[in-house]
Structure formats: C-alpha cells, structure tokens
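Student: Please take a close look at one part of this model for me. I would like the charged surface first, then the aromatic contacts.

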Amino acid sequence: MKRLAFWISLLLLLCLLLSAPAAADGQVQALFLNVGKADAALLFVDDSRFLVDTGSKDSFDQLEKALSVYQITHLDGVLISHTDKDHVGGLKKLLKSGVQVDVIYTGALHSEGSAAEHPVAKAAEKYGVTLVWLSAGDAFSIGQTRFQVLGPLAQDDEDENNNSLVVRVETPQGSLLFTGDMEASEEHDLLSAGLIESADVLKVAHHGRDDTTSRAFAFAVKPQWAVISTSSQQEPRSPSDKVIAYLQGVKANVAVTQDAQAGILVTLSEGTATAETLDW
C-alpha cells in the first residue's frame, strides 16, 4: 500500500509539472497566486524569476506549491511592498525552504520604527540575504526588465498601507503596475505628481477595496487586465463593485484570484496582455 501511495503521489506531481504553462520565447508572464486575502505574484521574464510579496504565513503552502510546480529553486529577487502580514508573512518560510534568493527589496519608508526591528530586515539578516531599501525615484534592472519605484512620496506613520511600494515594471513585452495596499492618500499623491501612466497590467491595490482605485486612477492606468488578489470570505469588503465598475469603465478586463485554485496567469507578448485562470 505504501508503494502504491508513493507511485500515485509521483504521478500527480508529474501531471502538475506537465500542466504548468511555460512562457514562449520572449513572452513575459505573471502568476498572481490565490493566497486568500493576501498578495503573492511570480514574474517570469526570460530566465529570470522574481516574486512580488509572499502572501501570509498561513497561505505559504500555495506559494510553495507554485514554486514546486514551476521547478523554481532560485529567485533573482523578492520585493516586499510593505510590512502587513498578508504581504510579508510568507517570507521567513520562503527563506527557510531552501529556495535561493539573491536580493530582497523593500520600502525605506515604513511605520515599523527602527530599521533593525523591520520584519524584512530581520529576516534578511537572519538568513544572510542581501537587502536593498527602496525609495521613490529608485530603479533597478534584472536582465532586460526595469523596476521603477514611483512611491510612496511621503511616510505615513499611522497607516502602513500608505507606505506601500508602488512599482512600475517595464519588460520587453509590456508593462505591469504593482500597488501593494496603497490607499486613497498615497494614490492622490502619485496622481498629483503626474507619476501614474498607462500600464498593460495592473495589480489592483488593497485587494480591490473601495478605499483606493478611484475613477481618476483607473483612467490614468487604463490597463488591459486588472487583477484583484483577495478572498471575499476572508475580506467581505472586497472586491468592491465600485472599483470593478471604474476599471470596466476604462475597458479593462478584471480577474480575481479567488476564482481559480492556483491563480491568474497573465501573459504579455508584444504589448498585448491575455489572462487565464489556473487550477492545480
């Protein structure tokens, strides 16, 4: 019986590996994982693998499964948008998992007090991973992909959501905009500064709640696809009908991670974005 169980488990794993979509040459893909009311997205650009946020501690199984299915043992970088547990909670488990992480990036503006007590800094030091603090105006590249930090423009000592890194990712095939849990005040600052431009793919801020993603913001970005990472069961206020209406009003397609077992896979090719739901 044990031998039979072993072979069944091996067969199931093989099926998962064979069914995992692989980007064609030149394509860029982003897998927005279903990690409940949390955020975690894997980027595939040529031979580079990058992770934006790590979900929560409790949802790490989903991230770990994706890494296994895609046979990812090395990440060129991990970006943590801010210190909320549903964005940084899986980081320690990731670093303990044996996956090699070259660099961790996180925001220099935060409400966690001293840098030494910052959860990302503590994890990076404990596991010996290079840490890079990011501020508005900073940029870095991995291969042909450029990450441009747009915000936050000011530190919010009361609401960590408004310290979320807002990052534009420019790839040879198109652009993506990651917004963390940015709320209305940070969004207003970025719009007023003229820093928000159109992007092919938008990771909708704050799980699609109605305290962000205004009509003006949706009009500025005009994404082909907007992805909301949430669980209505865990966060009944998401996704907001108003936010969806604003996005659809600029002809954006809207996908929600809770509608797929694995998540939403977005593919960019020559400036065109397509999306599909993935099940395990």
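Tutor: Start with Lys126, which sits in helix α5 (residues 119-127). Helices here are DSSP runs of H or I with at least four residues, strands are runs of E with at least two, and both are numbered from the N terminus. This is a predicted model: local features need pLDDT of at least 70, side-chain atom pairs count only at pLDDT 80 or more, and totals for chains, interfaces and linings use all residues. Residues are numbered from 1 along each chain as its sequence is written, and side-chain values use heavy atoms, with hydrogens and water left out.

Lys126 counts as exposed because its relative accessibility is 62%. The cut-offs are over 50% for exposed, under 20% for buried and partly exposed in between, with a 1.4 Å probe and protein chains only.

Helix α4 (residues 91-96) gives the largest share of the patch, three residues.

Now the aromatics. The structure holds seven aromatic pairs. Ring centres must lie within 6.5 Å; planes under 30 degrees apart are stacked, over 60 edge-to-face, the rest tilted. Phe50 and Phe140 make a tilted pair, 6.2 Å centre to centre with 35 degrees between the planes. This pair links distant parts of the chain, 90 residues apart: Phe50 is in strand β3 (residues 48-54) and Phe140 in strand β9 (residues 139-142). Phe50 is buried at 3% relative accessible area. Phe140 is buried at 11%.

Note on methods: Rings of Phe, Tyr and Trp (its six-membered ring) pair if their centres lie within 6.5 Å; planes under 30 degrees apart count as stacked, over 60 as edge-to-face and the rest as tilted.
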